[in-house]
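Please open the structure in a viewer and keep the selection tool at hand.

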Amino acid sequence: MFKKSLFTIVLIAFLQSCGTKNIADSAFKKDESDFDEKITLSRDYSYTLYLDSTTTPESTNLQYIVSDDNETLAYWNKVDASIVYFNLKDGRIVKKQPIPRTGPNANGTSNFFILTPDSIFTTDYSNLKFINGQSEILAVFPTSNPGEFKHTPDPYIWNCSPMFHTQGHVYFQVYVGGVFDQNNMAKVNLTTSELEYFSEYPDFYQKAYWRGGFEFMDFTFNEKERMVIQSYSADHYLRSIKLDNLGKVNKHFAGVSTFGTIKPPRMSMTEPGHEKDEKKFKLQPSFGPVFYDQYNEVYYRFAYDPITEPEFESNDPKRSKVKPVRIIILDKSLTKVGETRIDRFKYELNMTFVSKKGLCLKRINEANEDIVQFDVFIPSPIR
Amino acid sequence: MRKFIDLKTVSLVTIILMITSCETAEKRNGELLEKVRVSIEKLDISLADNDVLMIINMSGCSACYSRALKYAKETYTHTNRLHFVITGYNSKKSLRLRLGQDVFNKGQIYLDEKGYIYQSGIKQDYPLITYKENGEFQSLDIADLKNSLAYSRLSEYLSIK
């Protein structure tokens, strides 16, 4: 009797596993992936920054600032915890603002958002610290409310997940590794210090365990539309949220027609096989940061082709780790209008920013670490 | 009434699984030590008996490698027996600034520029500590965040207070 029951159970499970779409997969509608190619990117310009002896060529937080025709790049320098301001015209350092780690203005931040030279937001774990141009703390606001969550998320702020300020509020992402069933963004009211959470992971994220590299979300802010645009690593769509209606999310196809369905590495955290999560991420396509170009009114989204299995098994430090990349271009209504491949091993894409000249990608340069160069890609119509 | 689950069978299966998992862990450690030996040869690093090697992967757990680098800075004047191989870094300049020129100049820091550690199949996210005894790398300690004793064991071995 027991053998018959066991056989039946196994047979049912086998039949169910054949040809059934897993509801936790990340898929897209084929007809949505057709697009009219109208815009391409071409490299046309470059910026060079000249570093001093204590500024490193890698940075996790950049901010492009235009004022009276001057272009400045604010740059987080980890090794000495300072904000370095570069004049983009000649690439020279114009100011270095150290952030004290001890003393009355102690601040453990590794990020910033500059509203004005004397009004800068930083986050120091559970606090938003508002500082001036001398790094003196002017005000402190809370950035987490443990009472709301099983796992309290922390601010998650870096170049591709920036903090921003608008109409008396500061917005940022919040994150707990491997937790997909709670809010992932927050806003602080600077008048009342009230903290409000919003935004959730897409449904399919909540039905499986999307780790190994799929767990990340990056976003950009369109100030004119007052809209946040999110890019989830496993999602073929961008998700937009208007600030005046935080409960409503719209989705916009921003993928690649040849990518196919993306499958989660595991269905739950307790499912064995965590050591294969990273391989499953690398052997599938994925997505990266999104940037809004307010000067050309387009969006750029990074999309990554899978690494091949032979490349992965080769243990080659580059080919087994770095995915081929293309940039998806969308117009101001978030309709896909272009797709451009870029050199796989040439750029450090985490240090991307947008200037009035275009999309700026940092060149990898191991030979000279006292300069940082950005190639500028300009969107242009296809004739 | 026949029980659905036979307790004796479950106990036997559990014991077998425990034995095989111990063997598997030991086998894994042995394989890892062999990979360490191969990669050290490629890096052309020569260690004396009773020396210790720490492999720090800077594309792994950031809290873990930060702790390892801090340990390097704190101990470099206390011992010549501790050597570091640093792999997975993006910038040599960042590393030099982070560790300090003195630590760099001491000659016990080796940079894995060609990625031999990864090529040898060592893909640990956490610092690996291995002890050289009787001409061979014996025993491995993985200094992840849960292994709070890894550094105290290391300090004791090196007689660092």
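How much area is buried between chain A and chain B? About 1,400 Å² is buried there, and carbon and sulfur atoms give 50% of that area; buried area is the accessible area (1.4 Å probe) that two parts lose on being put together, summed over both.

This is a predicted model, in which local features need pLDDT of at least 70 and side-chain atom pairs count only at pLDDT 80 or more, while totals for chains, interfaces and linings use all residues. Residues are numbered from 1 along each chain as its sequence is written, chains are lettered from A and ligands numbered from 1 in the order in which they are written, and side-chain values use heavy atoms, with hydrogens and water left out.

**First stop: the interface**

Select Glu58(A), Asn315(A) and Glu369(A), which supply 35% of the area that chain A buries against chain B, more than any other three residues. The contact (heavy atoms within 4.5 Å) takes 21 residues from chain A and 15 residues from chain B.

Next, select Lys93(B) and Asp370(A). Their side chains meet in a salt bridge at 2.7 Å, N to O; the term denotes a side-chain nitrogen of Lys or Arg within 4 Å of a carboxyl oxygen of Asp or Glu. The rule finds one salt bridge across this interface.

**Second stop: a sheet in chain B**

Display chain B and look for the open sheet of five strands, ordered β3-β2-β1-β4-β5 with mixed pairing. Strands are DSSP runs (E, at least two residues) and helices likewise (H or I, at least four), numbered from the N terminus; two strands pair if DSSP finds at least two bridges between them. Strands β3 (109–111) and β5 (136–142) of chain B each have a single partner strand, so one side of each is left without a neighbour in the sheet.

Select β2(B), residues 82–87: this strand pairs with β3(B) in the parallel sense over three bridges. Within β3(B), Leu111(B) is the bridge partner of Ile86(B).

Finally, select β20 (298–304) and β21 (325–331) of chain A, antiparallel strands joined by seven bridges. Within β21(A), Leu330(A) is the bridge partner of Tyr299(A).
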